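Please keep the sequence and the structure open while reading.

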Amino acid sequence: MIRTEEIYDAATDDEAFDRLAATLADAVGARSGVLHWGRTPQHVAEISYSGYFSDAQMALYDEEFQGDDIWGVALDRAEAINRVWNVEALVPIRAYEDSRIYNEWIRGMGDDTFHCLGGVIQKDGTTGHIGLHRGRAQKPFSEGEVRAMQDNIGHIGRMFAIRSKLDRARHHGRSLHATLDMVGHAVFTLRPNGALIDCNRLADALLRRGDALGLRQRQLKALDPRDDEALQAAFRAAAARQGGQASAIFVHRERGLPYVLSIAAVRVGTERQIVAIVTDPADRDLSLSSRIRALYGLTRAEAEVAEALCQGRGLEELSQERGVALNTVRTQIKNIYVKLDCSRQSELVARIGALPRLSGFEDME
């Protein structure tokens with residue numbers, strides 16, 4: 001007997017999904033089973049095996065015999081969709097006996113898998129396959145066993161669709177995290193009371209440093225009481241504002257320049273959330289030199305000089321740091337102004353400063 005709760009448990013429980021092929025095989029007296037779904041008939045996102053075949057045997061099937069699976073080809077026909085078949089009705093026994101998959105894969109590993117109860121299931125843009133198997137010496141699947149599985153095809157299809165939607169949501173979350181990790185600032189997403197919802201990699205590293213910000217009962221706090229008073233006030237103001245206004249505060253640390261926190265509120269559905277972006281003035285954008293070289297055709301030396309100018313370095317300081325003559329630095333700056341179509345250092349700083357700060361990159365050359 002097939003219990004529908006076991007099918008729906010597999011919608012959200014990975015271990016239950018892993019067990020489901022074996023559960024369905026046991027329910028109809030099959031000795032092996034396989035269950036998988038994907039977003040197209042050719043795509044496989046997840047597979048549940050009953051364990052009869054080893055991982056190595058299934059890997060060999062995927063690599064060398066999948067295209068020769070005449071049972072699978074027959075089930076993929078349009079008229080076979082959302083129906084369970086005793087596959088002998090689609091593939092004559094003689095044709096299976098003469099097939100490469102039977103003679104080279106099944107018999108090649110000393111097996112005698114001969115009977116199949118299978119189907120293709122499509123639901124909400126998800127395509128799933130089910131195959132339950134018996135050996136040659138065992139009896140074929142009965143009509144009652146076919147009906148028992150057919151009665152559950154709709155449940156299995158919905159389970160596939162739920163797993164597909166959850167998989168897309170997880171993929172979206174991973175993509176969002178990867179994007180936020182590339183931003184060269186610590187980014188916190190918070191509830192209106194300052195409770196942490198999520199943060200990127202740099203924000204996590206900042207909390208681990210514990211030099212200015214920390215979590216207390218999941219709420220973002222500044223370690224300095226005066227800074228924390230300003231931080232909590234900024235959170236309250238952001239939560240109360242209706243427009244796209246933002247505020248900023250300094251959060252001091254024991255050593256170095258203070259962090260700059262930019263704080264704004266965003267609406268996610270009906271919920272209001274706070275975004276706090278932390279800028280460390282001491283951080284250097286390792287990708288900046290390569291990006292301005294690509295944008296403006298600067299040489300490596302010119303890009304390094306341009307970046308140093310944006311950091312407030314003077315001509316003599318640059319000359320000493322780089323070990324070149326003062327006239328060489330002047331020539332490089334002149335070339336930089338020509339290539340960036342500007343005539344003053346303030347224009348240069350504004351143009352380069354408008355580029356976003358990125359994290360996790362190194363100069364490639």
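For residue classes, Ala, Val, Leu, Ile, Met, Phe, Trp, Tyr, Cys and Pro count as nonpolar, Asp, Glu, Lys and Arg as charged, and the others, Gly among them, as polar. The model is predicted: local features need pLDDT of at least 70, side-chain atom pairs count only at pLDDT 80 or more, and totals for chains, interfaces and linings use all residues. Residues are numbered from 1 along each chain as its sequence is written, and side-chain values use heavy atoms, with hydrogens and water left out.

Helices (H or I, at least four residues) and strands (E, at least two) are DSSP runs, numbered from the N terminus. An open sheet is formed by 5 strands in the order β2-β1-β5-β4-β3, with antiparallel pairing; two strands pair if DSSP finds at least two bridges between them. β2 and β3 (83-86) are at the edges with a single partner strand each, so one side of each has no neighbour in the sheet. Neighbouring strands are turned against each other by 10 degrees on average, direction ignored. Axes here are lines fitted to C-alpha atoms, for helices over the stretch in contact, and angles run from 0 to 180 degrees between N-to-C directions.

β3 and β4 run antiparallel and are joined by 4 bridges. Asn 86 stands opposite Leu 117 in β4. Helix α8 (residues 153-182) packs on this sheet and touches β1, β2, β3, β4 and β5, where contact means heavy atoms within 4.5 Å. The direction of α8 makes about 50 degrees with that of β1.

A pocket is an open set of points on a 1 Å grid over the protein atoms alone, where a 1.4 Å probe fits, with protein on both sides within 12 Å along at least five of seven lines; lining residues have an atom within 4 Å of a point. Grid points are joined across faces, edges and corners, and a volume is the space filled by probe spheres set on the points.

The largest pocket has a volume of about 760 Å³. Its lining has 36 residues, and Val 34, His 36, Tyr 61, Asp 69 and Gly 72 lie nearest its centre. Elements that give two or more residues to this lining include β1 (32-38), β4 (113-123) and β5 (126-135). The largest share, 5 residues, comes from β1. By class, the lining has 20 nonpolar, 13 polar and 3 charged residues.

The second largest pocket has a volume of about 340 Å³. Among its 14 lining residues, Asp 285, Leu 288, Cys 310, Gln 311 and Arg 357 are the closest to its centre. α12 (300-310) and α15 (345-353) each supply at least two lining residues, and the largest share, 3 residues, comes from α15. This lining divides into 7 nonpolar, 2 polar and 5 charged residues.
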